[in-house]
Amino acid sequence: GCSASNIVVNDLLPPGLQYQSHTISPFGSYNPFTGNIFIPNLGPSQSTTLTLYAVVDSCFDIVNCATLISLTGTDSNASNNQSCYQVHVNSQKCGRIFGRKYEDKNRNGIKDGIEPFIAGQTIKLTDPFSNVSTQSTGALGDFLFNPEPPMSYQVSEVLQPGQVVITPPSGSYSVVLPPGGSVGSLDFGN
């Protein structure tokens, strides 16, 4: 058999997986910031194992792949240079809270066809324990949070200078998110 040295494999965790720690055995090193695994030497019939511990921060299934980047020596089987694993997420533990931000030019509390959406506006999601998550609205004034149900949440906006609250009149929404459920059409008009 062949041996190889200076082996670099990349396994940078994809969005939705937050790195916590790792073990590598019997030899090698892992850099969680670059995702690179460095194995100095690997002889015939030798292997090393990297175990990554991560927190799932997604409501959708995630695919994580490890890919051979480089080595010194001969790669006698190029067909096994990538390995992927699908992480199945229990979507009953994820919810969706979404809405839009628009300029209510005629101040009627309704998004009329000619009124523009507002991008880059900060929307806040506050849980009953006063933990706050924020999102900036997208190009179409849209925002989406994927919090854990069942729980009640407060959804509000951070007003910019000169903005006046029109919709909702209270300036925020109180919502109860059921297991695996969605709460939408939480529109903010100023």
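I take contact to mean heavy atoms within 4.5 Å. I am working on a predicted model, where local features need pLDDT of at least 70, side-chain atom pairs count only at pLDDT 80 or more, and totals for chains, interfaces and linings use all residues. Residues are numbered from 1 along each chain as its sequence is written, and side-chain values use heavy atoms, with hydrogens and water left out.

**Entry: Phe27**

I looked up Phe27 and found it in the loop between strand E2 (17-25) and strand E3 (29-30). Leaving aside residues up to four places away in sequence, I list Ile39, Asn41, Leu42, Gln46, Ser47 and Thr48 as touching Phe27. I also noted 8.3 Å between the C-alpha atoms of Phe27 and Thr49, which are 22 residues apart along the chain.

**Entry: disulfide**

A disulfide is a covalent bond between the sulfur atoms of two cysteines. I searched for pairs of cysteine sulfur atoms within 2.5 Å, and the count came to one disulfide. Cys65 is joined to Cys84, with 1.9 Å from S to S. This pair links distant parts of the chain, since Cys65 is in strand E6 (residues 62-73) and Cys84 in strand E7 (residues 82-87), 19 residues apart. I read 105° about the S-S bond, and the link of Cys65 and Cys84 is right-handed. Cys65 is partly exposed at 25% relative accessible area, and Cys84 is partly exposed at 43%.

**Entry: aromatic pairs**

I paired rings of Phe, Tyr and Trp (its six-membered ring) if their centres lie within 6.5 Å; planes under 30 degrees apart count as stacked, over 60 as edge-to-face and the rest as tilted. The search of the whole structure gave four aromatic pairs. One of them is Tyr19 with Tyr30, a tilted pair with 6.3 Å centre to centre and 40° between the planes. Tyr19 belongs to strand E2 and Tyr30 to strand E3, 11 residues apart. Tyr19 is partly exposed at 31%, whereas Tyr30 is buried at 8%.

Tyr173 lies in strand E13 and Phe188 in strand E15 (residues 188-189), so the pair ties together parts that are 15 residues apart in sequence. Both Tyr173 and Phe188 are buried. I found that Tyr173 and Phe188 form one aromatic cluster with Phe143 and Phe145.

**Entry: charges over rings**

I counted a charge over a ring if NZ of Lys or CZ of Arg is within 6 Å of the ring centre and within 35 degrees of the ring normal. Arg96 lies over the face of Phe98, at 5.0 Å from the ring centre. Lys111 lies over the face of Phe117, at 4.5 Å from the ring centre.

**Entry: sheet**

I looked up an open sheet of four strands, which has the order E10-E9-E12-E13 and antiparallel pairing. Two strands pair here if DSSP finds at least two bridges between them. Strand E10 (132-136) and strand E13 (172-177) are the edge strands, each pairing on one side only. Strand E9 (residues 122-126) and strand E12 (residues 151-157) run antiparallel and are joined by four bridges. Lys124 stands opposite Ser156 in E12.

Terms used: Helices (H or I, at least four residues) and strands (E, at least two) are DSSP runs, numbered from the N terminus. Buried means under 20% relative accessible area, exposed over 50%, partly exposed in between (1.4 Å probe, protein chains only).
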